[in-house]
Amino acid sequence: MANAMLLPVLLSFLILPFSAMALTQDFCVADLSCSDTPAGYPCKASVTAGDFAYHGLATAGNTTNLIKAAVTPAFVGQFPGVNGLGISAARLDIAVGGVVPLHTHPAASELLFVTEGTILAGFISSGANTPYTKTLYPGDIMVFPQGLLHYQYNGGSTPAVALVAFGGPNPGLQITDFALFANNLPSPVVEKVTFLDDATVKKLKSVLGGSG
């Protein structure tokens, strides 16, 4: 019994030195010439002030596409300075009539800050499938918990812009419509799992560039 009680204490002492080493390292700018790992990129040997600043979000994204929206990322792949810090960012541009369809970020929660226009946004809980929706105006923020399906669309008559913060250096992205209709998943399978008829599935695959 005594040995069983001592085991958690011993494990704590084993972990503490590694935690201390992590805390004493100020930063770990990503070496993008190496492969990403579950723990992040290896640290770059030579670091400059430029590694901690990024200008990429100053330019509006190209919204001349199917969804009339653009996400400009400042993830670790674009902004190596966020490696290991548990944060990243993005810029969201949505033209009039544009939409970011239902999607999820499997590796991070999202905080959206509207700077221009009007954005209708919402997410759906995983338990009761309860929708939480809100109309957002400049200065408003909304949080989208990690892994939950959510969306944004332009609800106004002018372009909308938002800045987005993520609780991870590489939040990931999966858009539900693209996952179902923009690949070669056979139409009969899609029909089974979505309850949609064959004509609708084939139409959506045609629009989104899927096959099968």
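**Salt bridges and their surroundings**

Mentor: Searching the whole structure turns up 3 salt bridges. The term means a side-chain nitrogen of Lys or Arg within 4 Å of a carboxyl oxygen of Asp or Glu. In general, side chains of opposite charge can pair when their charged atoms come close.

Some ground rules. This is a predicted model, in which local features need pLDDT of at least 70 and side-chain atom pairs count only at pLDDT 80 or more, while totals for chains, interfaces and linings use all residues. Residues are numbered from 1 along each chain as its sequence is written, and side-chain values use heavy atoms, with hydrogens and water left out.

Start with Asp51 and Lys44. Their side chains form a salt bridge at 2.8 Å, N to O. Asp51 is buried, because its relative accessibility is 10%. Buried means under 20% relative accessible area, exposed means over 50%, and partly exposed lies in between (1.4 Å probe, protein chains only). Lys44 has 30% relative accessibility, so it counts as partly exposed.

Next, Arg91 and Asp93. Here too the side chains meet in a salt bridge, at 2.8 Å, N to O. Arg91 is buried, because its relative accessible area is 12%. Asp93 is buried as well, because its relative accessibility is 5%.

Then Asp198 and Lys202. This salt bridge spans 2.7 Å, N to O. Both residues lie in helix α4 (residues 198-208), 4 residues apart, about one turn of the helix. Asp198 has a relative accessible area of 34%, so it is partly exposed. Lys202, at 44% relative accessibility, is therefore partly exposed too.

Asp31 is buried yet has no salt bridge. Lys44 is its nearest side chain of opposite charge, 7.6 Å away. For charge, Lys and Arg count as positive and Asp and Glu as negative; His and the chain ends are not counted. What does the side chain of Asp31 make a polar contact with? The partner is the side chain of Ser33, at 2.5 Å. A polar contact is a pair of N or O atoms within 3.5 Å; within protein, one must be able to donate a hydrogen and the other to accept it, and residues adjacent in sequence count only if both atoms are side-chain atoms. Setting aside neighbours within four places in sequence, Asp31 is in contact (heavy atoms within 4.5 Å) with Tyr41, Pro42, Cys43 and Lys44. Asp31 sits in the loop between α1 (2-24) and β1 (69-74).

The protein chain holds 4 helices and 10 strands. Helices (H or I, at least four residues) and strands (E, at least two) are DSSP runs, numbered from the N terminus. In sequence order the pattern is α-β-β-β-β-β-β-β-β-β-β-α-α-α. Of its 212 residues, 31% count as buried. Among contacts between residues at least 6 apart in sequence, 66% join residues at least 24 apart.

Two strands pair if DSSP finds at least two bridges between them. Strand β3 (residues 99-104) is joined to β10 by 2 bridges. His103 has Ile175 as its bridge partner in β10.

The loop between β9 (160-166) and β10 holds Gly168. Gly168 is buried, because its relative accessible area is 4%. Gly168 and Ala108 are 60 residues apart in sequence, yet 5.2 Å apart in space, C-alpha to C-alpha. Gly172 lies in the loop between β9 and β10. At 25% relative accessibility, Gly172 is therefore partly exposed. Beyond four places in sequence, Gly172 touches Thr104, His105 and Pro106.

Finally, confidence. The protein chain averages a pLDDT of 90, and 89% of the residues score at least 70. The score is the predictor's confidence in each residue, from 0 to 100. Over residues 9-22, pLDDT stays under 50, and the model has 0 contacts there beyond four places in sequence. Where pLDDT is low, the predicted coordinates should not be read in detail.
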